[in-house]
Amino acid sequence: QVQLVESGGGLVQPGGSLRLSCAASRIRFSRSTMGWYRQAPGRERELVATIARGGSINYQDSVKGRFTISRDNAKNTLYLQMNSLKAEDTAVYYCNANIIGVSYWGQGTQVTVSS
């Protein structure tokens with residue numbers, strides 16, 4: 001029922017930038033806590049960043065100063081601006097929405113950081 005569609009992934013060189021988008025539909029977006037998670041090969045899915053309905057933000061330590069999470073409630077869209085990318089950022093990135101304690105996930109978008 002809830003749809004979360006990620007876009008913007010791809011191949012980028014170390015030190016480069018990428019902007020991910022998550023278009024949400026069939027959800028009260030402005031009332032949802034949104035987040036980005038990632039999963040690298042052989043690793044567990046981990047939190048990258050979250051942004052609550054009121055705008056409070058949390059980042060994983062490894063991305064602080066490099067990544068910026070934001071949301072546009074008028075467009076029902078979540079963003080992740082990724083700068084100074086490193087090889088260890090390579091992963092499938094997932095959009096997450098949480099409302100009333102229920103989580104929804106997008107299909108994921110591949111980000112590969114390589115020379």
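## Ser21 and the salt bridges

Ser21 sits in strand E3, which spans residues 18–25. The model is predicted. In it, the salt bridges come to 4.

**Ser21**
- Ser21 has a relative accessible area of 17%. Because buried means under 20%, Ser21 counts as buried.

**Arg38 and Glu46**
- A salt bridge joins the side chains of Arg38 and Glu46, at 2.8 Å from N to O.
- Arg38 is buried, with 5% relative accessibility.
- Glu46 is partly exposed, at a relative accessible area of 28%.

**Asp61 and Lys64**
- Asp61 and Lys64 form a salt bridge, with the closest N and O atoms 3.0 Å apart.
- Asp61 is exposed, with a relative accessible area of 60%.
- Lys64 is partly exposed, with a relative accessible area of 49%.

**Asp89 and Arg66**
- Asp89 pairs with Arg66 in a salt bridge, and the closest N and O atoms lie 2.8 Å apart.
- This pair links distant parts of the chain, 23 residues apart. Asp89 is in the loop between strand E8 (77–82) and strand E9 (91–99). Arg66 is in the loop between strand E6 (57–59) and strand E7 (67–72).
- Asp89 and Arg66 are both buried.

Key:
Residues are numbered from 1 along each chain as its sequence is written. This is a predicted model: local features need pLDDT of at least 70, side-chain atom pairs count only at pLDDT 80 or more; totals for chains, interfaces and linings use all residues. Side-chain values use heavy atoms; hydrogens and water are left out. Helices (H or I, at least four residues) and strands (E, at least two) are DSSP runs, numbered from the N terminus. Buried means under 20% relative accessible area, exposed over 50%, partly exposed in between (1.4 Å probe, protein chains only).
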